[in-house]
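Subject: A structure for you to explore

Hi,

Here is the structure I promised to pass on. Have it open while you read, and I will walk you through what was found in it.

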Amino acid sequence: MTETMTTAAARRTALAAQGFAEARPAGAPTRRHLAKVLSRVQLLQLDSVNVAVRAHYMPVFSRIGGYDPALVDDAAWNPTARKPRMLVEYWAHVASLIPVEDWPLLRWRMRYYETRYADFLRRDNANITGLVDDVLTAVKELGPIGAGALETELGGGAPRPRGGWWNRSDVKHTCEYLFAVGALTTGTRRGFQRLYDLPERVLPAEVLTREVPDDECARRLMRAAAVAHGVGTEFDLRDYYRLPPDMARTALLELVDAGELVPTTIPGWRHTAYRHVDARTPRAVRGRALLCPFDPLVWERDRTERLFGFHYRIEIYVPEPKRQYGYYVFPFLLDGALVARVDLKADRATGTLRVNGAFAESGVDTARVAAELAGELREMADWLELDAVAVGERGDLVAPLAACL
């Protein structure tokens, strides 16, 4: 049977699934609060851009407010006997932090990379097998270790011609290859530099030895995506882990047959949606949050437009004169609607959170939006240990926002 849901109900369902229908903790957030966020979002995207804040930290702040980023660092890269590792790096949506127990669910992807690059490696470098062995031996002896240090240890390699693996050295290529096939993982990070280690020194033995059939992997990943979405189309769900279409569709039908997903018609949506059977649809969603460009609520831009009527594109790669809103723009969520967007930069040299541009969506109460946004920007600045918030000159929201600040 197919149910019908309005766009407004779908929006509230999606927000509840992502944890935005709950109040932020009254006190200092703890590891338990981080675990609850992860149970909602399932993964945290990694990205090298650091103009405001690293992408994997911001979605947690958006949901629970000011927290110690060491909670994420310790969960992913600095485990102790008392607090074991919760997260591990691998290719999920893209480069991501995923729960340690989900590692076996992506072995099919590791095998895919092994097949994908086998011919390339054989064709490209007759000595690649020797280099693979040398890298693994060096990591075993010296790890956790970065690719640069490995290059020095192994004598380096001349940069490749254009093409291939982005003109990186053979050692770096080999590290990326071994990471992709699961022979290496990230033991820890120094700054944002990945330090490679052997999976057996990072992951529990029961995780490393667990074998999950590919069809079960697909079902579990599609189920996790449905939990994170609340309601979404087949493409929405499979894009969460970038599953192959055939693999995802088979899993989706099996989950529908099992009663875990409910086919849902949403007026205005071209494709059937699927609601997770346990998804909650609150009567209203209150509260506010700034969302980084890589927040899972908004990273599928077409879904963002379907749910919120909010056309959103990241403009990092757009030449500056052609940018409409700015380099690194955060949508602003207020009471269940995306009501504004701000181009943010953390100026750490001067201790300032800079609002290079601020733009209100059509039809919103500008005075209220400015007041709520000002409050959230102050909270973000405090979290980032920045002393001030400075508003620039671009956008129709800068004057009321500056007045509030």
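A note on names before we start: helices (H or I, at least four residues) and strands (E, at least two) are DSSP runs, numbered from the N terminus. This is a predicted model, in which local features need pLDDT of at least 70 and side-chain atom pairs count only at pLDDT 80 or more, while totals for chains, interfaces and linings use all residues. Residues are numbered from 1 along each chain as its sequence is written, and side-chain values use heavy atoms, with hydrogens and water left out.

**Helix H13 and what surrounds it**

Let us begin with helix H13, residues 301–308. Six of its eight residues are buried, so H13 is mostly covered, where buried means under 20% relative accessible area, exposed over 50%, and partly exposed in between (1.4 Å probe, protein chains only). The buried ones are Arg301, Arg303, Thr304, Arg306, Leu307 and Phe308. They pack against helix H1 (7–17), H10, E7, H11, strand E11 (329–334) and strand E12 (337–347); contact here means heavy atoms within 4.5 Å.

A word on the method: on a 1 Å grid over the protein atoms alone, a cavity is a set of points where a 1.4 Å probe fits but cannot get out, and a pocket is an open set with protein on both sides within 12 Å along at least five of seven lines; lining residues have an atom within 4 Å of a point.

Which residues lie nearest the centre of the pocket? They are Thr233, Phe235, His271, Asp302 and Arg306, out of 13 lining residues. H11 provides the largest share of the lining, three residues. By type, the lining divides into three nonpolar, four polar and six charged residues. In this count Ala, Val, Leu, Ile, Met, Phe, Trp, Tyr, Cys and Pro are nonpolar, Asp, Glu, Lys and Arg are charged, and the others, Gly among them, are polar.

**Sheets and a hairpin**

Now look for the open sheet of four strands, in the order E1-E8-E9-E7, with mixed pairing. Strand E1 (3–4) and strand E7 (231–233) stand at its edges with a single partner strand each, so one side of each has no neighbour in the sheet. Two strands count as paired if DSSP finds at least two bridges between them. Strand E8 (residues 261–265) and strand E9 (residues 273–276) are antiparallel, with four bridges, and Thr264 stands opposite Ala273 in E9.

Helix H10 (residues 214–229) lies across E7, E8 and E9 and runs at about 85 degrees to E9. For such angles, axes are lines fitted to C-alpha atoms, for helices over the stretch in contact, and angles run from 0 to 180 degrees between N-to-C directions.

Another open sheet has three strands in the order E2-E4-E3, with antiparallel pairing. E2 (44–45) and E3 (87–91) are at the edges, each with a single partner strand, so one side of each is left without a neighbour in the sheet.

Strand E5 (residues 185–190) runs antiparallel to E6, joined by five bridges. The two form a hairpin with two residues between them, and Gly191 in the turn has a positive phi of about 65 degrees. Four of the five residues of E6 (residues 193–197) are buried, so the strand is largely enclosed by the rest of the structure.

The peptide bond from Gly143 to Pro144 is cis, with omega near 0 degrees. Pro144 sits in the loop between helix H6 (128–142) and helix H7 (147–154).

Asp335 is not a glycine, yet its phi is positive, about 50 degrees. Asp335 lies in the loop between E11 and E12 and is partly exposed, at 25% relative accessibility.

Glu385, also not a glycine, has a positive phi of about 60 degrees. Glu385 is in the loop between helix H14 (366–383) and strand E14 (388–394), and at 70% relative accessibility it counts as exposed.

Happy exploring!
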